[in-house]
Structures are given as structure tokens and as C-alpha cells.
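Please examine the sequence and the structure shown below.

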Amino acid sequence: MRVLELASEAVPFAKTGGLADVAGALPEALARLGCQATLVIPAYREALASGLPIESAEMAFEVPIGTRRPVARILRCTPPGGRVDVILIANDDLFDRPTLYGGARDYPDNAERYIFFSRAALEWASRQQRPFDLVHCHDWQTGLVPAYQKLLHASSPALAGARTVMTIHNMAYQGLFWHWDMLLTGLDWKYFNWQQMEFYNQLNLLKTGLVFADAISTVSPTYAREIQRAPGGCGLEGVLAARSDVLSGIVNGIDTETWNPASDRHIPRHYGEQDFDDGKYAARVALAARLGHAAPDARPLVAFVGRLVGQKGVELIIEVLGRMAGAGRAHFMILGSGEAAYEQELQRLAASFPGTVDVVIGYDEGLAHLVQAAADITLVPSLFEPCGLTQLYAQRYGSIPLVRATGGLVDTVVDTTPETLHDASASGFVFEGFAASALEHALERALALHANRPAWQGLVRHVMRLDCSWAASARDYLRLFERTLAAPPAPVV
Ligand code: ADP
Ligand code: GLC
């Protein structure tokens, strides 16, 4: 099967979050199953500076965007050791910028940037000799692609017979723009209606993808159910419920080579299930040195790594730190960046509890690995979480995830109780209500078990053995693609 994957970020080229991990790893996993996979991403400054062997494909063409015709230059790269061809769409005005999306404030021309990317990606595909069977789009940035495939490429030999799958990584980001940006899409105004591209007078790129795609998936079965009703659907619950016959959930895998405590280049001592105590101790010594402490302390290390935004339950962490840090029963380490108010509040807590609360504001891939290796418990108290990767990384590094029961966290973490310890299904701690008291109670349960060394060590060994590799998830994607190919395409109304 010939698969075209389209995403706005992918490891190792450019990353702001879990989407990049997925878009980088899934095409490789599909290739291992025999698919011929090609990945298309924008040629951001970060990608061009990555040191990867990116070269010109000697192809350039104009892309109509409203009244302008910016040029797309095509670059290509096969990352060392990889089997996937990566195509990068270059236009320096649009993509040679300091950050991917604009940071705290989105770039004002993000509509134009991703309309251009989507249209250029399909234009490149339409110029290929061998036809594509399946076009797989990720998130709002590629939401126009299913519409373009059906409306602009109905007679392109390389694309006309393809089916499209739209994968949702987060309903909270829909690519909402003012209605005049419809002119940039090049599509007829007749599609700007409440059943297709319009959403309360705005242009909605994710909705466009959900309506025009032949099939829809999201990154966990629980999230697939949650988004078909409010508030999970973020206003698009009706659209999703109407397409429930082609909507499914597939839990993400993780890249078990990059995230492997037995070979990770970011940690001082490699380890496995048998010697995790030694590996974790070495990581804690290195982390303490990095944070300016003379030595690690003996208390359990409770960590958080992630974006500092409402989705991640940062306010619960702030409240629980305020309540628990004074008692000194654990050491807390937060690594993240995001909303200024959260960053300041966390830094204030670090200043109030020196030696007990460490806060590093910033994005640091290597430090994220070191923190997971050093930690005993990793907090993921999300308000909502489509899948979540940090809990999977935590498990692999022998840090027990403590999560709220939402989205993919439900599908990947089994609460520790006497019964689940007994039948060896326990894989973390889970709390239900979005309240600091519920998080605190779960943390108390985790710390109590931590004090029981044999039980804790058994739990750590068990979670380190869980198989979260891409193999199973990629097989599920392949089955979804096969199902979608066997069914007739979604009709264009
Ligand atoms: P989301 O995509 O919603 O941010 P995920 O859990 O799926 O959540 O993925 C987050 C990814 O981003 C993980 O790979 C995590 O390690 C990484 N990450 C998030 N914040 C940081 C940070 N400040 N420094 C390093 N890595 C981070
Ligand atoms: C999104 C979600 C996260 C998911 C990631 C990759 O960023 O917030 O839960 O793991 O995409 O699918």
C-alpha cells in the first residue's frame, strides 16, 4: 500500500509536542509492515538547522493562495537509518521563522501558511508517477487536504483513486480563522456552510477535514467516545457523532529506540528492569548536579514534564505543591513551558520551597529523558488528554504514572489496588475528579506504596515490561486503511 502522511511537525525535524513524536514514528512503523510511506512536512528553520541530510529535489512550482502565487520549493531527506522518504515544502517567507506556530501568540498568517502547505503537498503528490492509495492527515493544519483531494484532484492520476483519513490529535485546536480566509483556500464559497467548512461564521479547517475525509481516527478509543459529546468535542461533537460509523480510536505507540533506558544517550547510566535502582540513582545524581544541588536527596522524586497549559492540569499541580511541599515527603521536579501565569506561579513555589521543588521553564528534550529516568512518579493530571505520551515514556523508564481518568490515560494506565496488584495488571495510579484533593489523595496512595519497597519494585518491573511499541498500533492503522480502501469514498455534497 502506498501511503502519504501529512503533518505540520515530525521528529527528528521539528517538534512542539506529541504530534511530532507520532508523525515521526508512525510512517517508519508502517514501512516495517510493508507499506511504502512518504511523509510531507513544512521546511521550518528548525528542520533546516537539524543537521539532517536534506537536499533539493529540483522541483518548484507556484501555489495559488488567494490573489498571490507563492512558490513551493521541494526538498527531500531520508533520515539516517530510516526507510521513509520525507518531503519538505519550503517557502522561506512562510516557514523560515524562529518557532513553528508563533509561540505564545500565533503568527497572524497561520491560515495562509497551512493552506499553502496543504495545497503544495497535494500538488507535489499529484506530480508523482505512482499513485497513492491512502492520504493520511494529522490535525487542523492538514484539514483542507481531504477537501483538496476530492475537489481539486478528482482527475489527478496519482490522487484520484486515493482515500483520505483524518486523524485528530486534539479537538481543542481546530484552526479557526475569519471567514475572508476562505478566499485563500481557492474553494467555492458554496462550501462555506454550517455542514462543511463554516463554524459560527468562521472558517474551521479541522471541521473541513472531518467532513470531507473518508474515515476519521483519533489517538485513543476513550477519546473517540468523549469527542462525540460536549465538552470533549469542543463544539464539533455533532459533526463527529454524525460520522461515528467511520470514527475510531487507536492508541499511540512510542519510539522504543529513542525512549529506551537501556541505550538512551541523555542518561548517565543505562538500565533495565533488573538494575533500575542503580540507573535511577545515577540519573538523580546527574539531575541534582544539573539543578545545582550538592547531591540528590533520598525522598521519592515526583515529576511533571509537559506543556504548561490548562489541558495538562497545571493548576492542580500548583495547588497540591502548595499543600504538600511544606511536609517535605517528596521532592518535586517540573519541566515545562507555556502560559506565563503558570510559569510564574511555579517559579514562585520553587523559590518558596528550595531543595524540595525544582522548576525548569523551557523546552529541553534531553532533560525530559533525564527527568523520566530519575523520577519515581510522573504526574499527568490532565483535564483532557487525547492520548498522552508522557505516561508511556514514564512507564518505560520505570517511573510510575499518576494520571486523571480521561482520554488515552484511561486506555494506558490501570489503577493500583490490592486486586490489580494481585492479578499483575496495575500500571500506575488513577484519580477521577478534576480536583486538587483527588490528585493529592492519589499521590498519598502512591507514596504509601513507594514506602513498601518489594511491592514498589514489583510494580516498576511490571510497567517497564509493558509493550507500548508502535508495532501493534501501526497494525491497527493498517487495518483502518484497508477498511477505508474497501469502502466507497465519502460522497461530496
Ligand atoms: P502533548 O502532545 O499534548 O503536548 P504528549 O504527552 O502527547 O502531550 O506529548 C508531549 C511530548 O512533548 C513528549 O514527548 C514530552 O516529553 C514532550 N515535552 C513537552 N514539554 C516538554 C519540555 N518542556 N521539554 C521537553 N520535552 C517536552
Ligand atoms: C496531542 C494530544 C496528546 C497526544 C498527542 C499525540 O498533542 O494533546 O494527548 O498524545 O497529540 O497524538
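In this predicted model, the side chain of His169 places an N or O atom 2.6 Å from an oxygen atom of ligand 2. A polar atom in the side chain of Asn170 lies 3.4 Å from an oxygen atom of ligand 2. Gly388 takes part through its backbone, with an N or O atom 2.8 Å from an oxygen atom of the ligand. On its own, ligand 2 has 310 Å² of accessible area, and the protein covers 93% of it.

The shell around ligand 2 consists of 14 residues, of which His169, Asn252, Glu385, Cys387 and Gly388 are the closest. Sorted by class, six of the shell residues are nonpolar, six are polar and two are charged. Helix α1, residues 18-32, supplies the largest share of this shell, namely three residues.

An N or O atom in the side chain of Lys15 is 2.8 Å from an oxygen atom of ligand 1. For Lys312, the distance from a side-chain N or O atom to an oxygen atom of ligand 1 is 2.8 Å. Thr390 contributes a backbone N or O atom, which lies 3.3 Å from an oxygen atom of this ligand. Of the 560 Å² of accessible area that ligand 1 has on its own, the protein covers 93%.

The account now turns to the aromatic rings. With ring centres within 6.5 Å counted as a pair, the model has 15 aromatic pairs. One of them joins Phe95 and Phe116, whose ring centres are 6.2 Å apart; the planes stand at 45°, so the pair is tilted. Phe95 belongs to helix α3 (residues 92-95) and Phe116 to helix α4 (residues 110-126), so this pair ties together parts that are 21 residues apart in sequence. Are these two residues buried or exposed? Phe95 counts as buried because its relative accessibility is 0%, and Phe116 is buried as well, with a relative accessible area of 0%.

Another pair is formed by Phe199 and Tyr200, with ring centres 4.9 Å apart. Their planes meet at 85°, so this pair is edge-to-face. Phe199 is buried, with a relative accessible area of 12%, whereas Tyr200 is exposed at 68%.

Phe95 and Phe116 also belong to an aromatic cluster, which they form with Tyr44, Tyr101, Tyr114, Trp140 and Phe177.

Note on methods
Residues numbered from 1 in each chain as written. Chains lettered and ligands numbered in written order. Predicted model: local features only at pLDDT ≥ 70, side-chain atom pairs only at ≥ 80, totals over all residues. Heavy atoms only, no water. Near = heavy atom within 4 Å. Polar contact = N/O pair within 3.5 Å; in protein donor to acceptor, adjacent residues only side chain to side chain. Areas by Shrake-Rupley, 256 points an atom, 1.4 Å probe, with all protein chains shown as cover. Helix = DSSP H or I, 4+ residues; strand = E, 2+ residues; numbered from the N terminus. Nonpolar A, V, L, I, M, F, W, Y, C, P; charged D, E, K, R; others polar. Phe/Tyr/Trp six-rings, centres within 6.5 Å; stacked < 30°, edge-to-face > 60°. Buried < 20%, exposed > 50% of the residue type's maximum accessible area, 1.4 Å probe, protein only.
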